[in-house]
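I opened my notebook to record what I looked up in this structure, one entry at a time. I began with the meeting of the chains.

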Protein chains: 2
Amino acid sequence: MNFKHKLERIIEKNNSLLCVGLDPDLDKLPRHILKKKNPIFEFNKSIIDATHDLVCAYKPNIAFYEAEGLNGLSQLKKTIEYLQSNYSEIPIVLDAKRADIGNTAKMYAKSVFDYWNADAVTVYAHLGKDTLLPFLEYKDKLTIVLLKTSNPDSGTFQNIVVDRKPYYLYIAEIIKKWNFDNLGLFVGATYPKEMRDIRDLFPNKIILSAGLGAQSAEIKKAVNAGVNKQKSGIMLNVSRSILYSKNPRWKAKKLRDEINKYR
Amino acid sequence: MNFKHKLERIIEKNNSLLCVGLDPDLDKLPRHILKKKNPIFEFNKSIIDATHDLVCAYKPNIAFYEAEGLNGLSQLKKTIEYLQSNYSEIPIVLDAKRADIGNTAKMYAKSVFDYWNADAVTVYAHLGKDTLLPFLEYKDKLTIVLLKTSNPDSGTFQNIVVDRKPYYLYIAEIIKKWNFDNLGLFVGATYPKEMRDIRDLFPNKIILSAGLGAQSAEIKKAVNAGVNKQKSGIMLNVSRSILYSKNPRWKAKKLRDEINKYR
């Protein structure tokens, strides 16, 4: 099943555009979990079990696992295996932000799709079309190009004006011409104007977004700007405010419902 | 010892600007090595033992290890440990091309410098200054920003004209103003004009380059454009044509001497 179809099914089933970021930070895990043999996996499992009927995707950011070396990465493997054994209908977006040239890009694509077995991956397009092809050759997977990130300094380079347009939009227009079916876009939820520009340019593409604020007004803006005509087509990622909440299930439900209010 | 000092010492000791890329591709390893328990590590070890007195650095590209999953990454760990136990004077550049925002960039920096224990890393600056700081906080390490990659399509986005300058140069000028001591630059050896622009802008910074052609004329151009006033300050990476040569030592020596001819 291709990614788009898989995502549409789970969005409908769970009535949700909420993606939960599985970004376990050892400094923040509860003490009783830290005592276990595989604390990262155990923590993820508890979050997954508490939220699986409220989400449209899970998004592990591989940096949090790499920070713990081979031990962390083996717990990412366990997490993915757990998800695929128990909740195979939920897509896994590996947030790896990879990009390299020719032969090396092939190795990264092999890693994320064949080894990690992710349904989607985040990448940079900055190196050119030839460096995206090895990812896009996996037709059933979604390759998500980062256009506009959510951090404060993201404008320094991403909003440089080229031909009276910001750089992120200029490159988005080139990417659009390439006309790939299985390409998605990333836009930070902190930039609703940019989100709207991207949605207008790609009415039918899947958008991944992150950095959603806690305030209702911000959620409204991001949802309004990001949904497609069917009030869908976007995964809105939340990590910390769910993971380290006293009640992750309650928090995830609250966010899912808040997002749905503005669809 | 900081990176610059470490690099200067080995350049002098081995009279070499040659960096060897440790990019083991299982499809290309000799059959007798594939039969061993840790073929990637054994292959790397054979290359290192054959070339350690001819190089100024080793550059494993992590994609080749990630393609083999945890098993590949554990052999990267063995390779780094082998290098640091036996040839600790040779810097290790982890070619990981990482980039992410705030908290996540911190995790990547922790991974490459604390876990992998690399001396230098390659990163993208595309997300802005705040995303580079976690790497640059490791003062003894070198954080190498990718400005112009060596692939055919690299011009599509990297050479977009901004303010009558190509984008790679425009962002290089901003990066220069940040004035970080422990920042290096990457420029593909296939673009000597771009290399010269970058060297002119950063007369004292370390440059990493790759994609060096086999032809003497190309080597001459890249070396001429990339060396600093002391005829040094650049690591010229070669991977495949050494790794899969019938005689890696002979090939490395030939390349080292060829590079030195044009210094």
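I count two residues as in contact if their C-beta atoms, placed from the backbone, lie within 7 Å. This is a predicted model, in which local features need pLDDT of at least 70 and side-chain atom pairs count only at pLDDT 80 or more, while totals for chains, interfaces and linings use all residues. Residues are numbered from 1 along each chain as its sequence is written, and chains are lettered from A and ligands numbered from 1 in the order in which they are written.

**Entry: the contact of the chains.** I found that the contact takes 42 residues from chain A and 42 residues from chain B. On the side of chain B that touches chain A, α6(B) gives the most, with seven residues; helices here are DSSP runs of H or I with at least four residues, strands are runs of E with at least two, and both are numbered from the N terminus. By class, that side of chain B has 20 nonpolar, 14 polar and eight charged residues, where Ala, Val, Leu, Ile, Met, Phe, Trp, Tyr, Cys and Pro count as nonpolar, Asp, Glu, Lys and Arg as charged, and the others, Gly among them, as polar. Because 100% of the interface residues of chain B are also interface residues in chain A, the copies meet through the same surface.

**Entry: a helix pair.** I looked up α5 (residues 69–86) of chain A and α5 (residues 69–86) of chain B, which pack at an angle of about 175° with their axes 11 Å apart. α5(A) and α5(B) are therefore roughly antiparallel to each other. The contact is made by L70, L73, S74 and K77 of each chain's α5.

**Entry: a strand in chain A.** I saw that β5 (residues 142–148) of chain A has seven of its seven residues buried, so β5(A) is largely enclosed by the rest of the structure; buried means 20 or more other C-beta atoms within 10 Å of a residue's own, exposed means 12 or fewer, and partly exposed lies in between.

Terms used: Axes fitted to C-alpha atoms, helices over the stretch in contact; angles between N-to-C directions. Parallel < 35°, antiparallel > 145°, perpendicular 65-115°, else oblique.
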